[in-house]
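Hi,

Here's the structure I promised to pass on. Have a look at it first, then read my notes below.

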Amino acid sequence: MEIKNNLKELVKITFKEGPVKSYRALKLKLSRHHGPKELNRLEEINKFLIDSGFIKEHQKSKTDVTDKVSDNEKNIFVFWYEGFASAPVVVKRCVKRLETYYGDKYIIHLLDKTNYLDYVDLDNYVIDLFKKRKISIQTFTDIIRAKLIFDNGGYWIDSTFFMSKDFPLFQNLERNSFDCLFVKLPKPSMLKLGNYENPTLSFFLGGRKNSFLFKYLYDAFLFYLKDKKMSKKLIPYYYMDMMLLLAMYHQIDNGAVNKVIHYEYDLYYFQDHEFDTDFDKKEIDKMLSRPYKLNWRINPPEKSLINYIINEVED
C-alpha cells in the first residue's frame with residue numbers, strides 16, 4: 001500500500017512540477033529506507049565538524065538556567081504538514097489526548113504548512129531547499145523543531161505520540177536547557193560513539209528559549225547543507241539524532257543532553273503489536289501511564305489492539 005501511494009505521489013509531482021523534482025522526490029523517499037545504512041557516516045560527519053572548528057566553537061557557550069521557566073516558554077508544538085483537519089485518525093486521536101491532558105496547563109500550538117512561519121524565524125535557504133525538493137520533509141521538520149524551541153522555548157512532540165496523563169513536562173527544564181523522552185529500548189541502539197549511544201530522541205524534544213543546545217542543532221543543519229563538499233550527499237535521514245549523540249560526546253551546552261532522565265520500556269510496543277486481538281485491557285491501561293509512539297499509516301481494524309487504544313481507551 002505504501003509503495004502504491006508513493007508511486008501515485010511521484011506521478012502527481014511529475015505532472016505538476018516536472019521530472020527533475022520528481023527524481024529528487026524519489027531520492028528523498030528512498031533516503032527514509034536507507035536511514036539505518038547512513039548511520040555509518042557518523043564518524044565521517046564527526047570528523048568534518050571537528051576539523052572545521054564547528055564543535056570547538058559550539059563548546060564555548062552554555063545556557064543560563066538559573067531563572068524559572070517562564071509562562072511564555074510553556075509551549076507544546078505539534079506539526080502535521082498538510083493540516084490536522086485532513087490528518088489520519090491516529091494523529092487526530094493523539095492530538096485530542098494531548099489537548100485533554102495538557103491543554104489547560106500549557107499553550108498547545110498546532111502547526112502546518114500554512115502557519116509554521118508565524119512561530120519560527122527560519123533561514124530562507126532552508127525553505128528554498130525544501131521547495132526544490134532537495135531536502136526531505138523529515139529534514140525540514142527537524143530544522144523547524146530545533147529553531148522553534150530556540151526561538152520560543154517549549155516542547156516538540158510528534159503528532160503520533162499517545163501521551164500519558166502525568167508525564168513531567170517542563171519540570172526537567174527548571175534545571176537543564178534540554179529535555180527529551182530518552183527511552184533505552186530493549187534492543188541495542190544502532191547509533192553509538194565511544195561510550196555513548198542514542199536510542200532516537202528527536203521526536204520528543206524540549207528546551208529553554210535561546211538554549212545553546214538548540215542553536216547548535218540548528219547551526220549543524222545549516223553548516224552541512226551549505227558546505228559544498230558535504231552537501232553533494234543527501235543529508236542523512238537520522239542527522240538530528242546523530243547531532244544529539246555528538247552533543248553528548250562533546251558535552252555541548254554543558255553536557256545538557258547527558259543530564260536528561262532515562263526511561264526503560266518498549267516505546268514502540270503498540271506499533272509492534274497493533275494488530276493483536278488477544279490482549280488484556282487492564283494491562284494495556286496500566287501501560288498507558290507512559291507515552292507511546294503509534295503508527296499513523298493504518299486504519300485501525302476492529303477488535304485489534306490499536307483500535308482499542310484509538311477508539312475505546314478513555315482519557
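A quick definition to start: a crossing is left-handed if the near helix is turned anticlockwise from the far one by less than a right angle, and right-handed if clockwise. Also, this is a predicted model, where local features need pLDDT of at least 70 and side-chain atom pairs count only at pLDDT 80 or more, while totals for chains, interfaces and linings use all residues. Residues are numbered from 1 along each chain as its sequence is written, and side-chain values use heavy atoms, with hydrogens and water left out.

Now the helices (DSSP runs of H or I, at least four residues, numbered from the N terminus, as are strands, which are E runs of at least two). The crossing of α3 and α9 is right-handed. On the α3 side, the contact (heavy atoms within 4.5 Å) is made by L42, I45, N46 and L49. Their partners on α9 are Y239, M242, M243, L245, L246 and Y249.

Next, the sheet: 5 strands form an open, mixed one in the order β2-β1-β3-β9-β5. Strands pair if DSSP finds at least two bridges between them. β2 (107-111) and β5 (178-180) are at the edges with a single partner strand each, so one side of each has no neighbour in the sheet. Strand β1 (residues 75-79) runs parallel to β2, paired over 5 bridges, and N75 sits opposite I107 in β2.

Happy browsing!
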